[in-house]
Amino acid sequence: MESENATAIEFVDVSKRYDAVTAVENLNLEIPDGLITVFVGPSGCGKTTSLRMINRMVEPSEGRILIQGRDHREEPAFQLRRSMGYVMQQSGLMPHRTVADNIATVPRLNGVSARTSRHNALELMDTVGLDRGLSKRYPAQLSGGQAQRVGVARALAADSPILLMDEPFSAVDPVVRADLQRELVRLHETLKRTIVFVTHDIDEAVTLGHRVAVFGTGGKIEQFGSPEEILRQPANDFVASFVGHDRGTRRLTFAASDDLPIHPLDSPDRPWGEWELVLDDAGHPRGWRIADRHVPGGSLFTRGQSLREALDSVLSSPSGWGVAVDDDGVALGVLSSDDVMDATTRERLSRYGVGS
Ligand SMILES: Nc1ncnc2c1ncn2[C@@H]1O[C@H](COP(=O)(O)OP(=O)(O)OP(=O)(O)O)[C@@H](O)[C@H]1O
Ligand SMILES: [Mg+2]
């Protein structure tokens, strides 16, 4: 299980004070090796300060930080900074340098030849899903999503086992953001780096994190655990209110939908009544029709997704029937709201050890 991962980064009694302000107070935290750990919390609670203390962009006032068991002050600060990839909110690219040169910044500082670092930069563009044709562009000629991908590629170029990311996706629109999140999960699965990721968005935290640290005001950790633990058993009122009133639907993110029936579209009893699902020639859903009216909309449920997406497909459907598709987006059938509610009931009861 994940809990067996060794510790990559350890905060021991770490505090950071700025004159009157305590940004971080007595932080004790073990960040597991090879997983994504998310720092989440409201603005000003010390997330960025905690992240930056890891690579000594900010020096702790008290306490120690161990990287793979070694006090991180044993290494010169500049060397430590170069040895960890760092991605920030606004990609932080150098405007007068091309995409390829931006990506190659740290390898060049470390003495890698221009030729090799350029070659590596192009490969990293493939890795993060950027067209190599963009390599000679300048940052101002990129979209927000492309710029963030360059930021991630540049961080990967440091080729270190630890990647620090401070709200890297918060400045892009929700669709691009979801894309970048999926990409990060995929990248992590192939590269298996230790990633520390800062966000103030609880949804992003539970989507990406294997471990989530919820920061409260004054730089204290209110809870540290798996996303599921945080949603199921908030440690206190602060965490409960931070994860919010829609915690119930978030929790469904972890409930499998395997036993949810998908009713075939050619069911002779047509349980969906007057409604007609509209499909294009390739079998992709294109909304519903009723009384000669075409009604678009409804989110799709891709087979294998969680109960959360299943519930969403039912609630957002004009007909009240969720539409299930395969990985290629081809319609498989429909979900009934009764089945979805039954499944959520079973999920709820199973939490109290009551089976059915
Ligand atoms: N260089 C600094 N000088 C003085 N105070 C600072 C400095 N950096 C941070 N602080 C203060 O420390 C506290 C924590 O700041 P930090 O940037 O770590 O918060 P954050 O959780 O990252 O917030 P946000 O979500 O807004 O980015 C804040 O009260 C902030 O004003
Ligand atoms: Mg911050």
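An oxygen atom of ligand 1 is 2.8 Å from an N or O atom in the side chain of K47. This is a predicted model, in which local features need pLDDT of at least 70 and side-chain atom pairs count only at pLDDT 80 or more, while totals for chains, interfaces and linings use all residues. Residues are numbered from 1 along each chain, ligands are numbered from 1 as written, and side-chain values use heavy atoms without hydrogens or water.

**Exercise 1.** Find which residues surround ligand 1, and what the protein buries of ligand 1.

*Solution.* 
- Step 1: Look for residues with a heavy atom within 4 Å of the ligand. They are Y18, V21, A23, S43, G44, C45, G46, K47, T48, T49 and E167.
- Step 2: Now check the side chains for N or O atoms. T48 has one 2.8 Å from a ligand oxygen, and a polar side-chain atom of T49 lies 2.5 Å from one.
- Step 3: Taken alone, ligand 1 exposes 630 Å² (Shrake-Rupley method, 1.4 Å probe). The protein buries 59% of that.

**Exercise 2.** Work out how helix α6 is built and how many of its residues are buried.

*Solution.* 
- Step 1: Helix α6 (a DSSP run of H or I, at least four residues) covers residues 144–157.
- Step 2: Twelve of the 14 are buried, meaning under 20% relative accessible area. Among them are G145, V150 and L156.
- Step 3: α6 is followed by D159, whose phi is positive, near 50 degrees.

Note on methods:
A polar contact is a pair of N or O atoms within 3.5 Å; within protein, one must be able to donate a hydrogen and the other to accept it, and residues adjacent in sequence count only if both atoms are side-chain atoms. Helices (H or I, at least four residues) and strands (E, at least two) are DSSP runs, numbered from the N terminus. The expected span of a helix is 1.5 Å times one less than its number of residues. Buried means under 20% relative accessible area, exposed over 50%, partly exposed in between (1.4 Å probe, protein chains only).
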